[in-house]
Amino acid sequence: MMILVSSCLIGCNCRYDNNNTLVPELKHAYEQGFLFPVCPELMAGMGVPRTPISICGSSGYDVLSGSAQVISHSNDIVTEALVRAAHYCVKLSDMFSIRHAILKSKSPSCGAFSTTTYDGVTGQPGVVAAALIRHGVQIFDEHSDFHKVLNDR
Ligand code: SF4
């Protein structure tokens, strides 16, 4: 069974600063065909490099419920595009029967367990993690013990 993964964790230079956050073990699993990489910010039409974004609120749940916005550090509102990307990730999880996702921590988009807001990092999920959690997908971040999931898939 496929596992969704943040593209930057397998070495794609899709971060806002044209860099990645490679986890060699995840790249290895990708090369074996176990992982389905996504970069929600690229799916939302943002380029590389790009101005970083933050949630103007406390979590991805707030963004999904319409009570918070996602705004770039140059003041562009990207909420709608990012919510669309999150819904697309949920659709992908259905299409490919994906039940687990390994997502980058602290991202306002991927944001497994923590996300970046204009008040700092909160212990809440980002927009995509929130949408996937609501859909019943089990989330891990790059610091979690995701090895069992890789081995059991
Ligand atoms: S954390 Fe998510 S949105 Fe940000 S670069 Fe990595 S894959 Fe893309």
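Reply: Start with V5. Its bridge partner in β5 is I102. Residues are numbered from 1 along each chain, in the order the sequence is written. The model is predicted: local features need pLDDT of at least 70, side-chain atom pairs count only at pLDDT 80 or more, and totals for chains, interfaces and linings use all residues.

Now widen the view. Strand β1 covers residues 3-6 and strand β5 covers 100-102. Two bridges join them, and they run parallel. (Strands are DSSP runs of E, at least two residues long; helices are runs of H or I, at least four; both are numbered from the N terminus.) Two strands count as paired if DSSP finds at least two bridges between them.

β1 has β2 as a partner too. Four bridges join β1 to β2, again in parallel. Here L4 stands opposite F36. Between β1 and β2 the chain passes through helix α1, residues 24-31, and this β-α-β crossover is right-handed. (With the strands pointing away from you, the path from the first strand over the helix to the second runs clockwise.)

The order is β2-β1-β5-β8, four strands in an open sheet with parallel pairing.

Next, follow what packs on β5 and β8. Helix α5, residues 127-134, has six of its eight residues buried (20 or more other C-beta atoms within 10 Å; exposed means 12 or fewer). They are V127, V128, A129, A130, A131 and L132. These buried residues pack against β5 and β8. They also pack against α2 (40-43), α3 (60-65), β4 (69-72) and α4 (79-95). Just after α5 comes G136, with a positive phi of about 90°.

Finally, go back to the stretch after β1. N18 lies in the loop between β1 and α1. Is N18 buried or exposed? It is exposed, because 11 other C-beta atoms lie within 10 Å. N18 still touches N13, V48 and P49, leaving out residues up to four places away in sequence (contact: C-beta atoms within 7 Å). S67 sits 49 residues from N18 in sequence, and 30 Å from it in space, C-alpha to C-alpha.

Note on methods:
Contact = placed C-beta atoms within 7 Å.
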